[in-house]
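I keep these notes while I look through one structure. The sequence and the model come first.

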Amino acid sequence: ITPDVARYLLLMQLPDADRDRVDELSAKARSGSLTNAEEAELDSYLRIGTLLGVMQSRARRLLRASC
């Protein structure tokens with residue numbers, strides 16, 4: 001990826017509404033009241049977060065190497 005794309009990736013984050021939803025689903029999971037559909041939704045958010053974290057890690061490494 002190019003340095004410009006790397007910088008863009010580092011700016012990416014979940015919108016506030018999605019972060020609020022993750023917090024809500026996480027609270028329900030802790031209390032044991034998560035439905036199967038909500039569990040699948042939370043798993044999707046967690047996979048997206050993991051993927052974004054990996055991409056951002058690679059972007060940081062690329063930018064450090066290009067300095």
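**Entry 1: ground rules.** I am working with a predicted model, where local features need pLDDT of at least 70, side-chain atom pairs count only at pLDDT 80 or more, and totals for chains, interfaces and linings use all residues. Residues are numbered from 1 along each chain as its sequence is written, and side-chain values use heavy atoms, with hydrogens and water left out.

**Entry 2: confidence.** I looked up pLDDT, which is the predictor's confidence in each residue, from 0 to 100. The protein averages 95, and 100% of the residues score at least 70. Confidence is lowest in helix α1 (residues 3-11), with a mean of 95. It is highest in helix α2 (residues 16-31), at 97. Helices here are DSSP runs of H or I with at least four residues, numbered from the N terminus.

**Entry 3: salt bridges.** I asked how many salt bridges a search of the whole structure finds. The search returns five. The rule is a side-chain nitrogen of Lys or Arg within 4 Å of a carboxyl oxygen of Asp or Glu. For each partner I also noted the cover: buried is under 20% relative accessible area, exposed is over 50%, and partly exposed is in between (1.4 Å probe, protein chains only).

In helix α1, I found Asp 4 and Arg 7 three residues apart, which is about one helical turn. Their side chains form a salt bridge at 3.1 Å, N to O. Asp 4 is exposed because its relative accessible area is 59%, while Arg 7, at 45%, is partly exposed.

Helix α2 holds Arg 19 and Asp 16, also three residues apart, about one turn of the helix. Their salt bridge is 2.2 Å, N to O. Asp 16 has 52% relative accessibility, so it counts as exposed. Arg 19 has 33% and is partly exposed.

Next I checked Glu 38 and Lys 28, whose side chains meet in a salt bridge of 2.7 Å, N to O. Glu 38 lies in helix α3 and Lys 28 in helix α2, so this pair ties together parts that are 10 residues apart in sequence. Is Glu 38 buried or exposed? Glu 38 counts as buried because its relative accessibility is 12%. Lys 28 is partly exposed, at 25%.

I also noted a network of salt bridges that links Arg 21, Glu 24 and Glu 41.

**Entry 4: a charged patch.** I looked up which residues form a positive surface patch. They are Arg 58, Arg 60, Arg 61 and Arg 64. Patch residues have over 30% relative accessible area and no salt bridge, and like charges are joined within 9 Å. Lys and Arg count as positive and Asp and Glu as negative, with His and the chain ends not counted. The place of an Arg charge is taken as CZ. Arg 58 sits in helix α3 (residues 36-65), and it counts as exposed because its relative accessibility is 54%.

Entry 5: I found Met 12 in the loop between α1 and α2. At 35% relative accessibility, Met 12 is partly exposed.

Leu 63 is in helix α3. With 16% relative accessibility, Leu 63 counts as buried.

How values were computed
Patches are made of residues with over 30% relative accessible area and no salt bridge: like charges are joined within 9 Å, nonpolar side chains (Val, Leu, Ile, Met, Phe, Trp, Tyr) within 5 Å. Accessible areas come from the Shrake-Rupley method with a 1.4 Å probe; for residues, only the protein chains shown count as cover. Helices (H or I, at least four residues) and strands (E, at least two) are DSSP runs, numbered from the N terminus.
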